[in-house]
Amino acid sequence: MFSQEGPDRRKEEDRIREEHRLPPGQALTIKFPVLHYGPVPPFNAATWDLRIWGEIEKEVSWTWEEFNQLPRTQIQMDLHCVTRWSKADTLWEGVLVRTLVEQGLIRPRPAARYVMQHAEYGFTVNLPLEIVLQDNFLLATHFDGQPITPDHGFPLRGVIGAIAGRDDLKTPYLWKGAKWLRGLEFMSQDRLGFWEKAGYSNSADIWKEERFA
Ligand SMILES: Nc1nc2c(c(=O)[nH]1)N[C@H]1C(S)=C(S)[C@@H](COP(=O)(O)O)O[C@H]1N2
Ligand SMILES: [Mo]
């Protein structure tokens, strides 16, 4: 896998493996593959919004302009895709759901246990609230200092990966972050998202190699 990327890739893979950052069955890539179902949606800053609803005290909706005023965070993460590529040390910038909850901008009800990400064209992906509130789940607008490219989820995507040294965090595969994100639904009970209904693992733990259900 990825032998065409040459000796640099191999050296980098050895380093990441020695640092215990390469989960079982994964190979490192220097590239950033694009994977999704369906077309890349258009973006209109005048009509775009991010809606938060469900098991929360008060529904919220932010315009693109409003979303960009929210408190921001940068995180560096290793991405691990269920199709067996991993990418180390990726830099993301955006908004942590944890920050929004801490600042009272989102107020989950006690019954809230799970969160469904809703993306353009009806794409969905579910996660436990516990994971959505971790430091490694970001509502990301920027990758590598630039706005995310359209095929990686512009203008906004959920992104989840492993933070080196943070063994306290649960890390699922990359598909658990929705590109072209438009909504977060807080739920008292779990529901399966798009790929989970298609037979992917619901828990999707990279270290336990939970790829398929
Ligand atoms: N809206 C949307 N988001 C999605 C998907 C999709 O089909 N639609 N696929 C997921 C899958 S399967 C993967 S592996 C990652 C890939 O992200 P990337 O294209 O930035 O590498 O996006 C995830 N987010
Ligand atoms: Mo995927």
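Reader: What makes Arg157 a polar contact of ligand 1?

Author: In this predicted model, where local features need pLDDT of at least 70 and side-chain atom pairs count only at pLDDT 80 or more, totals for chains, interfaces and linings use all residues. Residues are numbered from 1 along each chain as its sequence is written, ligands are numbered from 1 in the order in which they are written, and side-chain values use heavy atoms, with hydrogens and water left out. A polar side-chain atom of Arg157 lies 2.6 Å from an oxygen atom of ligand 1, and a polar contact is a pair of N or O atoms within 3.5 Å, so the pair qualifies.

Reader: How do you know that Lys179 has a polar contact with ligand 1?

Author: The distance from a polar side-chain atom of Lys179 to an oxygen atom of ligand 1 is 2.5 Å.

Reader: Why is the pair of Tyr173 and Trp175 called stacked?

Author: Rings of Phe, Tyr and Trp (its six-membered ring) pair if their centres lie within 6.5 Å, with planes under 30 degrees apart counting as stacked, over 60 as edge-to-face and the rest as tilted. The ring centres of Tyr173 and Trp175 are 6.0 Å apart and the planes stand at 10 degrees, so this pair is stacked.

Reader: Why is the pair of Trp175 and Tyr200 called edge-to-face?

Author: Here the centres are 4.9 Å apart and the planes of Trp175 and Tyr200 are at 65 degrees, so the pair is edge-to-face.

Reader: Why is Trp175 called buried?

Author: Buried means under 20% relative accessible area, exposed over 50%, and partly exposed in between (1.4 Å probe, protein chains only); Trp175 has 11%, so Trp175 is buried.

Notes: A polar contact is a pair of N or O atoms within 3.5 Å; within protein, one must be able to donate a hydrogen and the other to accept it, and residues adjacent in sequence count only if both atoms are side-chain atoms.
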